[in-house]
Amino acid sequence: MNNIVALLRFRLIQSNRLLKDAGYLMVVIVAFLTLSVISQGFVFILECPPEVYGIAAFVLLILLHNQRKDTVFLESLFQHKYEIILLYCLEYLLVQLPFVILFISTGSWMKLAVAVLSSGLVSLSAKASTALFSSSNRKSGIRFIPLSLFELKFFLERNVLLIFILVALLGLTVYHFGFFFVLILLFSITIMGVFVPVEDRSMVNWSKYFVANKLLKYTLAVQVLLLPAFCLALFNRPDLWMWYAWAYGMALLNLWMFITYKYSRYAPDRIEIGSSNALAIFVLFNFLPGTFIVSLIYTIINYVKAERNLIAYYART
Amino acid sequence: MLELKDCTFEYPSKKIFEGLSISFKENAINGVLGRNGIGKTTLFKILTNVLKVGKGQIELNGVPLNPSDVSILQTAPFFYPYMKGKEYLKLVLGTLSERAADLAAVFNLPLDELIDNYSTGMRKKIAFIAVLCQDRPVLILDEPFNGVDLEGNELMKAILKREKEGRVIICSSHILESLTDSSDTIHFIQEGYQYELYEKNSYESLNLAIGKIIDSKIESLGAKS
């Protein structure tokens, strides 16, 4: 039990150091933006049925759990199994804290119970899901994604379970339109991981309008997932078409932003190291009505920079 | 003595071992040697209960192994971002013991600094101190000497030799000299998890066995070209 208290205490200290490092002013700006995004989500979450919130929370927490790098460390730290389960449960409740406060303040007791239950279920199934992920993390070949989409192919080969979750969310959109938004959120999070590694420049098989072709290829490829989800949501609640269109557009903008950002870093003489903090802020801008213009401009600037960089590099070789 | 009895383990795409029986001595440093991907880390994950064997038993001195009896130093130890050396030791050990502080001083580790600022070798050293001071009966060290400077390497070997009483220490390394210097026995694992056990007085034959494998591979390369 002492270890749990020590770890949670450290989490507080860690958060403070992180905020200090990022700069408190920046934190206030990001917090304001985040709240703006979440506040729209709050209304939706209050209105959706508890089971929709429960499934969405469970799926996102399972994915979050399997991104953790400290599971083996924690296994060796705790003497008893129940201590780890309790720690996970508390941490996942803390992750849902804004919603927990919302449910308490509005008296949504059913949803509060679902939030606690989803944290508990993820914690209890942590061991099984870690084993499942660690076996699926052993790279397996996915043939249906062509090599030309290698970023996505390699990412999903290492995260096979993610494909099943995305397909399951697609299926659940038939049951409730809310899953469309969960799918869009998960898609956007996934894209953040897909384009992070940057291959050596010698591997960039450049041709005219290289980045534009890349954008087109990926835009078409992701329709396999996004378009059926959009249609199913539309079939479910046609009156919300504007919200779906907005989420759809933002997911695509997110995709374009990450592709253009990746190639904008290929400066003629070196690969620039970018700031993921700045990119995270643009992702937030992306989902705010109005401020997405900023992300769009950022994407266009990066696109021009990326094409120019690659032309300059290949003109020299 | 730590024993794996008739154990079987496989990933969905690959069988690692079947019917494996292997034992590691108490009061001794048990070296584990084998090429990349042969399954050394998998074996360590099984011993720490991260992975489960499909069949077979794992026993420590005749009773089933309790995962809390095992400490492990991973190839790339995990550290939380924004954590100081002192905080790490306190978290792992419950309190910053005098012994841990002394060892940190011997290794010249700045405990008041963030571990994010430590070099690879320094990270290995602080994780080594932590697992050593946990004082558990089984201590697994997965490539502990990688990235550690010469002085640190020699210190680690000397400390291990002093600390082996009452413990089963299992240590893997790809640096043969480090392993032969520190280990009392070496399990040389080969294809299909077939292994040969070498005692301290037969390390010369281990060298010869490795030499033979390399020679045969070079010969097959020559035959192809």
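Which residues do ring pairs link into a cluster? In this predicted model, the cluster joined by ring pairs consists of F10(A), F73(A), F78(B), F79(B), Y80(B) and Y88(B). Residues are numbered from 1 along each chain as its sequence is written, chains are lettered from A in the order in which they are written, and side-chain values use heavy atoms, with hydrogens and water left out. Local features need pLDDT of at least 70 and side-chain atom pairs count only at pLDDT 80 or more, whereas totals for chains, interfaces and linings use all residues.

**View 1. Overall make-up of chain A.** Chain A contains 15 helices and zero strands (DSSP runs of H or I with at least four residues, and of E with at least two, numbered from the N terminus). Of its 317 residues, 46% count as buried (under 20% relative accessible area, with exposed meaning over 50% and partly exposed in between, for a 1.4 Å probe and protein chains only). Among the contacts of chain A with a separation of 6 or more, 76% are between residues 24 or more positions apart, a contact being heavy atoms within 4.5 Å.

View 2. Over all chains the count comes to 23 aromatic pairs (rings of Phe, Tyr and Trp, the last by its six-membered ring, with centres within 6.5 Å; planes under 30 degrees apart are stacked, over 60 edge-to-face and the rest tilted). The rings of F180(A) and Y244(A) are edge-to-face, because their centres lie 5.4 Å apart and their planes stand at 75 degrees. Since F180(A) belongs to helix 11 (residues 178-194) and Y244(A) to helix 13 (residues 241-264) of chain A, this pair ties together parts that are 64 residues apart in sequence. F180(A) is buried at a relative accessible area of 0%, and Y244(A) is likewise buried at 0%. W243(A) and W246(A) form another edge-to-face pair, at 5.8 Å centre to centre and 90 degrees between the planes; both lie in helix 13, three residues apart, about one turn of the helix. W243(A) is partly exposed at 46% relative accessibility, as is W246(A) at 22%.

**View 3. Helix 2 of chain B in its surroundings.** Seven of the nine residues of helix 2 (residues 85-93) of chain B are buried, so this helix is largely enclosed by the rest of the structure. The buried residues, among them Y88(B) and L91(B), pack against helix 1 (2-22) and helix 4 (71-77) of chain A, together with helix 3 (98-106) and helix 4 (120-133) of chain B. Just after helix 2, G94(B) adopts a positive phi of about 90 degrees.

**View 4. The interface of chain B and chain A.** Each chain brings 22 residues to the contact, and the area buried between them is about 2200 Å², of which carbon and sulfur atoms give 60% (the accessible area, for a 1.4 Å probe, that two parts lose on being put together, summed over both). Y80(B), Y82(B) and L91(B) supply 32% of the area that chain B buries against chain A, more than any other three residues. One salt bridge is found across this interface (a side-chain nitrogen of Lys or Arg within 4 Å of a carboxyl oxygen of Asp or Glu). The side chains of E87(B) and R17(A) meet in a salt bridge, with an N to O distance of 2.7 Å.
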